[in-house]
Amino acid sequence: MTVRSEPRGRRPFKKHCHLAAYFPGVDNTTVWADPRSKSQIDFSSLEHLARTAERGLFDFFFLAEGLRLREHQGRIHDPDAVGRPESLTVLNALAGVTEHLGLAATVNATFNEPYELARRLATLDHLSGGRAAWNVVTSCDASTGENFRRGNFLDRADRYTRAAEFVGLARKLWDSWTPDGVSRPFAHRGQHFDIAGEFTVPRSPQGHPVVIQAGDSDEGREFAAATADIVFTRHGTLEAGRSFYADVKRRLEKYGRTPDELKIMPGVTVVLGDTAAEAQEKAAEIRRQQVSPQNAIRALEQVWGADPSAYDPDGPLPETVPVADSAITQGRTRRGDTVAIAETGVPPLERSPRVGEARPSKEKGLPIRQTAIEAGGRQSFVGTPEAVAAELDEFVRKDAADGFILQPLITPVGLDEFVDRVVPLLQERGAFRTEYQGTTLRSHLGLPDPAWRG
Amino acid sequence: MTSSNGRGRLHLAAALDQAAVFDAGSHVELARLAERGGLDFVTLDDTFARPGPDALAVLSRVAPATARIGLVPTVTTTHTEPFHVQAAVATLDWVSRGRAGWRIEVSTTEGEARLFGRRHAVPADELWREAGEVADVAARLWDSREDDAETRDLTTGRFIGRDKLHHVDFAGGGFSVKGPSIVPRPPQGHPVRVVDATEGHARRTAARYADVALVRAASPAQVAAVRDQLRQLASEFGRNPDTLRVLASLLVDLGGGEHAAEPGHGGGGPRQTVQGPLYRGGPVDLAELIAGWHADGVVDGFHLTPTEPRRDLERLVNGTVALLQHRGLFRTFYPGSTLREHLGLARPANRYAVTGGAS
């Protein structure tokens, strides 16, 4: 295998790709209408996905979080898959049916307390032998606050200062036991937290569980550069990826960190076919399944902020946009609000079709649903296994990414084809591991163990 | 209809508590041992006040390594979020396919309060009142999505029947929860709620919300008195008292021989110690004690905490349980698959279902 050098000649060795699998959760990416689609909550579904990811030698398995169901005028949004397990609990169970796979939970820093969450994460790290990761998210949604003691919500600035203090405090707790097992008291007084005492869990196998930051905003990038091990970002063009990658890695130096200490992993969807044409056809069919007539109407509403339910999804787009009503939809990430992305832990990949952003299609005479399908984001990688493997490799080699977080479209079989057909090709290219080298998630990611700061 | 005395089926449970053990292996091993003995459930205690792992996490890890035994972690209600607690317990029920329980506890010390910095320590009866509210809202949230809510209707494009999802709109003394839960209704409907009712301030919460009450007492008369009071209170709360299982909770030290009851132990009954009522003796005498208290209608069963987990649990399973099975007093296999089935408790109707009754 020829080792191609980087254009800038920085890397003498072939850069390896990292892969993660995302549990297809609660949004319209999940193709529940497919006959192969099974339960979103049965343990067997989660077990199948995790075992498949481990069979494919993936770095980690990843779960999103949503603490308030999406609602529309006080009623539950019903066209998409809804209902999910509590992340940390299910990952502890998955630790029992896997041996190497990293286990990442999205957990909100707004509606949890540092002591308890640091303890739950350290416990997962112990029980899994060093495979725990935490995707730190924050919440700005007042409706989510209605489920918690705190109530209400924090404004944008406070959410990030709280999250930063939260992560720093969690690290302090993880460091509060000496490496040789002596518990030492801690005390912390800050803007958001004033706590003291002793941590109940000794230092865990990874020292600190891996920390993931989702979201692309300037605050998010800075937060990631300061404290995260992985950035979960949105996927775009190769050039956009390179620019984001360079920007985030550039920020590391001022925190005394090297570029290798932060991995950039966009969330992606993949559609495979025996030929390029077949793959495109499958991709189009999936988009049709994702955008039901009801979803097309809801998507229109999300963009308009007004009620379009009087319109026929198979009829044409109306000439005028109804008056916006900002109170109409809640518990939902709005497009364009890059901070709100952080709420579910998922950048809005192909989550919702941008109907209103596709006004020109009216001239094409397409009905609302068709417009939604056309306007909806495309899958990230569509093609033959060979073409997809080459493209993934290119993104990594050209520093647009360090790896990818794959979002399977069908529960639980949505990862099977990628693992069977693409992973071997990545391995042939020398772009992906052929066996696990270590036992901890940090070892899979090539991350150093955090220094103990007692 | 079960009679008001304890001569229904005998129920046995064991604690897996070990001093500061954090790896998965030894917990799995002990749970499997208990499962080999056909025990109804295992408990794992939890507190923010002493070193130890998150108990619900440990039993989630144990779930796929076991098949039948009930898994009952302690989850405290004082400094935790009711919404997260119910979601975690519901998820334990999903990953164990209907074997989850939840031992409800409170955090009474100022030391624990300082770990959170949100409130100061308050008196135990106030904490138990709040624990009752958490137990209440948890059950409402478990009901907030009806069993048949997921319709996956291809003709209408609807994944879910929105009329089968419910806001709980719960307003307690110190918190409120809107709902619905993010987790679908658990396999058991309501995972089994367990409360240690030994202390007076926990008793009303136990009588109102618990499926299983634990009573730490050294004499049958003491257990019987608490049991009578719990049943009385349960009736006053509008419950059928026969839906409440009362288990005597004992520390057991089976370090001696087969028949090694020391004076004041075993045949003479357990002795009150600082740690709680302690039985010290042989596994055969323990079987006699269990059979005797149960036959007298004092208890529905026992919750036993080994003083030396590996040794005592093995002697309990291979000695005490084997003998009870031999005498036909305890199950030799699990006829059911859920913890509720082991305990002889019905799957509760959903309070929000139009055709169902209130639970």
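Two strands pair if DSSP finds at least two bridges between them. Helices (H or I, at least four residues) and strands (E, at least two) are DSSP runs, numbered from the N terminus. The model is predicted: local features need pLDDT of at least 70, side-chain atom pairs count only at pLDDT 80 or more, and totals for chains, interfaces and linings use all residues. Residues are numbered from 1 along each chain as its sequence is written, while chains are lettered from A and ligands numbered from 1 in the order in which they are written.

**View 1. The barrel of chain A is closed and has eight strands.** Chain A contains 14 helices and 15 strands. The barrel order is 1-2-5-6-9-10-11-15, with parallel pairing. From one strand to the next, the twist averages 30° (axes are lines fitted to C-alpha atoms, and angles run from 0 to 180 degrees between N-to-C directions). Of the 454 residues in chain A, 56% are buried (20 or more other C-beta atoms within 10 Å of the residue's own; exposed means 12 or fewer, partly exposed in between; C-beta atoms are placed from the backbone). Among contacts in chain A with a separation of 6 or more, 75% come from residues 24 or more positions apart (a contact means that the C-beta atoms, placed from the backbone, lie within 7 Å).

**View 2. Strands 5 and 6 of chain A run parallel.** Strand 5 spans residues 102–108 and strand 6 spans residues 132–137, with six bridges joining them. Val107(A) is opposite Val136(A) of strand 6. Strand 5 also holds Thr106(A), which is buried because 27 other C-beta atoms lie within 10 Å.

**View 3. Strands 9 and 10 of chain A are joined by three bridges.** These two strands run parallel, and Ala214(A) stands opposite Phe232(A) in strand 10. Strand 10 (residues 230–234) is mostly covered, with five of its five residues buried. Ile230(A), Phe232(A) and Arg234(A) point one way from strand 10, whereas Val231(A) and Thr233(A) point the other way. Ser217(A) is in the loop between strand 9 (210–214) and helix 6 (218–227). Ser217(A) counts as partly exposed because it has 16 other C-beta atoms within 10 Å. The UniProt annotation "binding site" (unreviewed entry) covers Thr106(A), Tyr160(A) and Ser217(A). UniProt positions are given in the numbering used here, feature names are shortened, and annotations may be inferred rather than shown by experiment.

**View 4. Asp46(B) and Thr74(B) carry a UniProt "binding site" feature (unreviewed entry).** The two are spread over 29 residues of sequence but cluster in space, the largest C-alpha distance being 5.3 Å. Asp46(B) sits in the loop between strand 2 and helix 2 of chain B, and is buried, with 24 other C-beta atoms within 10 Å. Beyond four places in sequence, the contacts of Asp46(B) include Gly52(B), Asp54(B), Pro73(B) and Thr74(B). Thr74(B) belongs to strand 3 (residues 70–76) of chain B and counts as buried because it has 21 C-beta neighbours inside 10 Å. Leaving out residues up to four places away in sequence, Thr74(B) touches Leu44(B), Asp45(B), Asp46(B), Ala55(B), Arg103(B) and Glu105(B).

**View 5. Thr47(B) is in the loop between strand 2 (41–44) and helix 2 of chain B.** Thr47(B) is partly exposed, as 16 other C-beta atoms lie within 10 Å. His120(B) is 73 residues from Thr47(B) in sequence and 17 Å away in space, C-alpha to C-alpha.

**View 6. Chain B touches chain A through 49 residues of chain B and 53 residues of chain A.** On the side of chain B, the elements giving two or more residues are helix 2 (55–62), helix 3 (82–95), helix 4 (110–116) and strand 6 (158–160). Helix 3 of chain B gives the most, with seven residues. The side of chain B that touches chain A has 29 nonpolar, eight polar and 12 charged residues. Here Ala, Val, Leu, Ile, Met, Phe, Trp, Tyr, Cys and Pro count as nonpolar, Asp, Glu, Lys and Arg as charged, and the others, Gly among them, as polar. For the complex, the predictor gives an ipTM of 0.95 and a pTM of 0.91.

**View 7. Residues 1–6 of chain B have pLDDT under 50.** The term pLDDT is the predictor's confidence in each residue, from 0 to 100. For residues 1–6 of chain B the model has 10 contacts beyond four places in sequence. Where pLDDT is low, the predicted coordinates should not be read in detail. Chain B has a mean pLDDT of 92, and 93% of its residues reach 70 or more.

Definitions and conventions. Two residues are in contact if their C-beta atoms, placed from the backbone, lie within 7 Å.
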